[in-house]
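Subject: Structure for you to look at

Dear colleague,

I am passing on the structure we talked about, and below it you will find notes on what turned up when I went through it. Please keep it open beside you as you read.

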Amino acid sequence: MSTRVAILLSGRGSNFLALHGAMERGEVPAHIARVISNVPDAAGLARAHDLRIPSLCYPHRFEPSREAHEAKILAALADAEIEWICLAGYMRKLSESFIARYPQRILNIHPSLLPAFPGLEPQRQALEHGVKVTGCTVHLVDETLDQGPIVVQRTVAVKDDDTADSLASRILGEEHKAYPEALNLLLTERWEVRGRRVVFLHSGRLPGT
Ligand code: GRF
C-alpha cells in the first residue's frame with residue numbers, strides 16, 4: 001500500500017519535487033496526495049498543478065487566528081486521508097495541537113546539522129560562525145522549533161570562498177537525497193523514538209550511509 005503523504009510548502013518546492021521524483025521512481029512507497037501552501041504564488045504550488053497533484057492554498061493572513069488557519073488545513077488533510085506530512089519550506093510554525101493530531105508523522109527538513117543553527121538563514125549562520133562542515137537534517141516535528149528527533153543528516157564541506165548562496169545550493173543537493181531517504185526509512189523499517197533518538201530496529205543499516 002502506498003502511503004498518502006501531504007506536502008506543506010511556502011515557496012520554491014524543490015524538496016517537494018525531490019520527494020515526488022523518488023516516489024515516482026519507486027524509491028519511496030508513498031505518493032503525494034495533497035500539496036498545501038499558505039502562500040498563493042508559491043512556485044511549489046504551480047509545480048503541483050503542472051504535475052496534476054491536488055493542491056490547495058490557505059493564506060494565513062486573512063485568518064483571525066493560528067487555530068482558524070490550521071483548522072482549514074487539518075480538515076483538508078483529513079479529507080484526503082493523509083497519513084504522513086512532509087514540511088518542505090513551510091514557513092509557519094505549527095501549533096502543539098496540530099502536531100498532536102499527527103504524532104511522529106510529521107517530518108521537516110532544515111539546511112544545517114541540527115542542533116546547530118536552528119531558525120532562519122542557517123546557511124548564513126554556519127558561514128558566519130566559521131564551521132568547516134555543515135549540511136542538512138531531516139527530523140520528526142515536535143513542539144520545539146527545529147529540535148525534534150533526528151532521522152537523517154547529510155554533511156557538506158564549507159569552502160573558503162563560499163557565499164551563503166553557494167553553500168545553500170550545495171546543501172540543497174544533499175537535502176534532495178536526505179528527504180526521500182528519511183521518509184523511505186520511516187516507512188519501510190521498524191523504528192521507535194527513545195528519548196531524543198530515532199532508533200531503527202532489526203536493521204544493521206545506519207541512516208545517512
Ligand atoms: C530548504 O532549504 C529547506 O531545508 C528549508 O527551506 C528550504 C525550502 O526549499 N526548510 P524548497 O522550497 O524545498 O526548494
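Which residues does S14 touch, not counting residues up to four places away in sequence? With those neighbours left aside, S14 touches L172 and H176. Please bear in mind throughout that this is a predicted model. S14 itself lies in helix α1, and it counts as buried because its relative accessibility is 16%, where the cut-off for buried is under 20%.

S14 is also one of the residues that surround the ligand, the others being R12, G13, N15, G89, I109, H110, P111 and E175. I109 has a polar backbone atom that is 2.9 Å from a nitrogen atom of the ligand.

Next, the largest pocket, which has a volume of about 940 Å³. It is lined by 37 residues, and the closest of them to its centre are G89, Y90, M91, I109 and P111. Helices α1, α5 and α6 and strand β5 each supply at least two residues of this lining, with the largest share, 5 residues, coming from α6. Sorted by class, the lining has 15 nonpolar, 12 polar and 10 charged residues.

With best wishes

Key. Residues are numbered from 1 along each chain as its sequence is written. This is a predicted model: local features need pLDDT of at least 70, side-chain atom pairs count only at pLDDT 80 or more; totals for chains, interfaces and linings use all residues. Side-chain values use heavy atoms; hydrogens and water are left out. On a 1 Å grid over the protein atoms alone, a cavity is a set of points where a 1.4 Å probe fits but cannot get out, and a pocket is an open set with protein on both sides within 12 Å along at least five of seven lines; lining residues have an atom within 4 Å of a point. Grid points are joined across faces, edges and corners, and a volume is the space filled by probe spheres set on the points. Helices (H or I, at least four residues) and strands (E, at least two) are DSSP runs, numbered from the N terminus. Ala, Val, Leu, Ile, Met, Phe, Trp, Tyr, Cys and Pro count as nonpolar, Asp, Glu, Lys and Arg as charged, and the others, Gly among them, as polar. Buried means under 20% relative accessible area, exposed over 50%, partly exposed in between (1.4 Å probe, protein chains only). Contact means heavy atoms within 4.5 Å. A residue is near a molecule or strand if one of its heavy atoms lies within 4 Å of it. A polar contact is a pair of N or O atoms within 3.5 Å; within protein, one must be able to donate a hydrogen and the other to accept it, and residues adjacent in sequence count only if both atoms are side-chain atoms.
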